[in-house]
Amino acid sequence: METSTLTRTPATFSSFRLPSYKSHEREQERLAELLAYGILDSDTEPAFDDIVRQAAELCGVPSACLSFIDENRQWVKAKTGVLLPELHRAASFCGQTIQMDGLFMVEDATVHPLFRHNPLVEQRPKVRFYAGYPIVTPNGHAIGALCVFDSRPRHLTGPQQIFLQLLAQQAMQALEVRRAQQACTAAEEAAKNQQAFLANMSHEIRTPMNGILGLSRLMRKGYLPDPQQEQLDIIISTAENLLSVINDILDFTKIELGKIDFEVLPFDVTTTVRDTARSLEVLAREKGLSLRTRFPDSAIPPVLGDPFRLRQVLLNLVTNAIKFTNTGQVEVAVEAYQEPDEPLVQLTFSVTDTGIGISFEQSEKIFRAFRQATSSTSRVYGGTGLGLSICKSLLELQGGRIWLESRPGEGSCFHFTLTYPVTDEASLLSAVPMLDPGLLPGLHVLLAEDNSVNKLLATSMLHSWDVVVDVAHDGEEALELASTKPYDLILMDIQMPRLTGIEAVAYLRNTPNPNRHAPIIALTANAMREEVESYPQQGFTAYLTKPYHEADLYRLVATHSGRTVPSATPAPTPTTAPAYNFSQLGRLAHDAEFIRKMQQLFVDTVPAQLQQLREALSQANSKAAALLTHSLKSTYGSLQMEEATQCLKQLEKSLRSPTDANLHSSLLNMLSAITERTAGAFTRQLQG
């Protein structure tokens with residue numbers, strides 16, 4: 001790019017000084033602010049070039065420039081017309097301008113006492129007329145000037161003076177925007193670096209944790225004397241606690257970076273709460289505590305939301321309650337409220353204990369990151385001080401809130417609220433099948449893993465299921481083995497020497513070999529969602545995050561090797577009331593005219609698109625069906641129609657693999673019912 005470098009200063013320019021030149025007041029502050037904008041000696045930029053062109057045109061002069069004045073010089077950022085030399089600040093018209101409170105205008109420099117002997121007047125470009133406005137920062141420092149000039153005498157009219165002043169202010173605004181953009185770019189770069197560090201940290205910690213937990217669980221399946229069994233349980237418990245600390249740090253950082261994501265799945269609230277409590281019953285019994293659950297008399301309907309984040313919040317609160325309670329009980333309660341015919345259910349969860357309690361003053365601190373009730377809390381009870389801060393953020397990001405009622409010595413009660421859309425769709429979580437332990441004998445698997453502990457762990461698990469395993473110690477060896485014979489399935493570690501798992505899979509998918517279409521599961525210690533979600537596009541069939549449980553590996557191997565197929569999720573049936581929400585449109589959600597246009601557009605186009613989708617599926621035109629599905633998903637998503645969006649996600653997934661036509665028909669019928677009800681509601685509103 002061209003930089004705004006000007007011609008060399010003649011000796012007469014450098015030696016000339018204005019007789020009345022004085023150092024700018026608060027000069028050090030002014031120079032510091034000028035440097036903070038990072039504008040000096042920068043490349044040309046269209047925003048500033050446009051301002052200079054407009055100044056010349058509106059003032060009716062041939063030349064204009066935008067200059068910034070540092071300690072010794074006038075440096076020109078943008079110019080049009082006659083080329084100005086770079087001047088010593090004390091010899092420049094603009095150097096004089098920054099000492100003024102407003103317009104500085106010289107109608108005829110040849111008769112002006114300060115400028116008649118100025119080299120710019122006596123020599124080329126022989127300036128006769130000059131008018132300039134200072135560029136003033138929000139802090140009141142004049143750091144430069146926008147000026148127009150000519151080789152013959154002139155006078156600016158009132159409107160022209162106003163135009164020049166406004167353009168000088170616009171130049172200052174452009175500087176502010178430029179600085180904000182640079183700060184944003186720097187922040188994004190820092191966030192990327194932080195994310196890369198987290199990914200590496202996650203890998204370096206999770207890889208050995210996978211070995212510790214996996215091998216310990218395998219050892220626990222065999223016979224051990226009681227003292228060794230107890231020691232092994234301590235190892236597992238300690239490793240799981242360490243893993244929870246790692247997960248807290250990763251979640252906190254993801255929240256800080258704005259990278260946290262939420263699933264939208266149908267699930268049963270009662271089952272999720274009950275299963276979470278059951279998983280902590282052993283911990284409660286070890287302290288002699290009673291752990292109870294309480295639900296409303298009427299059944300809570302199935303909802304759409306993120307069951308994993310709900311479980312995460314409950315685990316944190318119930319674990320804390322058990323930790324800070326020595327005698328008595330812990331109770332997890334749920335209350336539900338739903339208006340008649342309302343597609344949303346409002347839930348209030350409470351975790352109550354009979355523990356040590358907390359004062360009001362201390363309760364103000366505990367939801368802040370890295371803060372605990374007292375300085376001794378971490379030493380006595382453990383923890384990072386992140387758990388409650390993460391819970392608060394997770395709930396607020398889902399539109400909920402959390403609060404505490406407590407008194408010292410009388411226990412504590414944490415309340416939190418969440419509102420979910422109601423659905424009749426069957427829970428995907430409960431649809432995960434229990435796998436027959438006799439499914440895998442004779443399966444031939446290639447394991448590519450460079451870590452010796454993880455290699456031992458995976459082969460031990462696979463051998464226990466009578467799976468035949470070939471082991472590759474790096475990516476290149478994996479390619480050599482995969483090129484010689486077909487495998488039922490390949491387990492591929494991501495980070496390996498010589499050739500990464502991603503590079504190895506790219507080669508297998510793009511070159512003729514016996515495993516070009518074999519299912520390949522990524523084994524990764526990376527917990528960053530952005531990376532693991534890219535694996536399907538890079539050729540992986542699925543992924544498993546370390547440390548993984550034996551049951552998770554078994555399900556993936558059995559499912560993707562074709563030894564078992566999860567039972568098909570029944571097609572959802574629509575609720576009686578359409579569920580849509582315009583809040584995602586931001587300020588436009590309050591623009592009645594815009595909403596009417598959105599509603600009319602939905603009524604006019606979406607039913608027709610559904611019919612086109614039905615015809616494309618009946619003609620087995622997968623390309624057209626995929627395009628229509630993508631378009632409709634965007635439409636339903638912008639209206640936050642969760643049931644319809646979930647239907648389209650199932651349909652989109654089914655398009656990538658052979659599926660019974662009955663499933664397509666059921667999903668389309670569901671979509672048609674939702675669309676008809678919504679279109680009907682919109683039509684009534686438009687007619688009203």
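This is a predicted model: local features need pLDDT of at least 70, side-chain atom pairs count only at pLDDT 80 or more; totals for chains, interfaces and linings use all residues.
Arg53 and Asp50 both belong to helix H3, which covers residues 46-59, and they sit three residues apart, about one turn of the helix. As for solvent, Arg53 has a relative accessibility of 41% and therefore counts as partly exposed, and Asp50, at 34%, also falls into the partly exposed class.

Arg555 is partly exposed at 29% relative accessibility, and Asp552 is partly exposed with a relative accessible area of 34%. There is also a network in which salt bridges that share partners join Asp41, Asp70 and Arg73.

Now to helix H2, residues 27-36, where Arg30 and Glu27 lie three residues apart, about one turn of the helix. Their side chains meet in a salt bridge of 3.1 Å, N to O. Are these two residues, Arg30 and Glu27, buried or exposed? Arg30 has a relative accessibility of 0% and so counts as buried, while Glu27, with a relative accessible area of 11%, is buried because the cut-off for that class is under 20%.

Let me turn from charged pairs to a strand. Which residues of strand S16 are buried? On one side these are Leu489, Leu491 and Asp493, and on the other Ile490 and Met492, so that both faces of the strand are covered. Since five of the five residues of S16, 489-493, are buried, the strand is largely enclosed by the rest of the structure.

Strand S14, residues 444-448, runs parallel to S16 and is joined to it by four bridges, with Ala448 standing opposite Met492. Four bridges also join S16 to strand S17, residues 520-524, and this pair too is parallel; here Ile490 has Ile520 as its bridge partner. From S16 the chain crosses through helix H16, residues 501-510, to S17, in a β-α-β crossover that is right-handed.

In soluble globular proteins, nonpolar side chains tend to be buried together. In this model the largest nonpolar core has 42 residues, and Phe349 and Phe416 are those with the most contacts inside it. Several helices and strands each supply at least two residues of this core, among them helix H8 (269-279), helix H13 (387-397) and strand S11 (344-353), and helix H10 gives the most, with seven residues.

What does Phe416 touch, if we leave out residues up to four places away in sequence? Its contacts include Leu310, Val313, Leu314 and Leu317, as well as Leu347, Thr348 and Phe349, and they also take in Arg401, Ile402 and Trp403. A second, separate core of 31 residues includes Tyr37, Ile39, Val52 and Leu175.

How values were computed: Residues are numbered from 1 along each chain as its sequence is written. Side-chain values use heavy atoms; hydrogens and water are left out. A nonpolar core is a set of buried Ala, Val, Leu, Ile, Met, Phe, Trp, Tyr and Cys residues joined through side-chain atoms within 4.5 Å. Buried means under 20% relative accessible area, exposed over 50%, partly exposed in between (1.4 Å probe, protein chains only). Contact means heavy atoms within 4.5 Å. Two strands pair if DSSP finds at least two bridges between them. A crossover is right-handed if, with the strands pointing away from the viewer, the path from the first strand over the helix to the second runs clockwise. A salt bridge is a side-chain nitrogen of Lys or Arg within 4 Å of a carboxyl oxygen of Asp or Glu.
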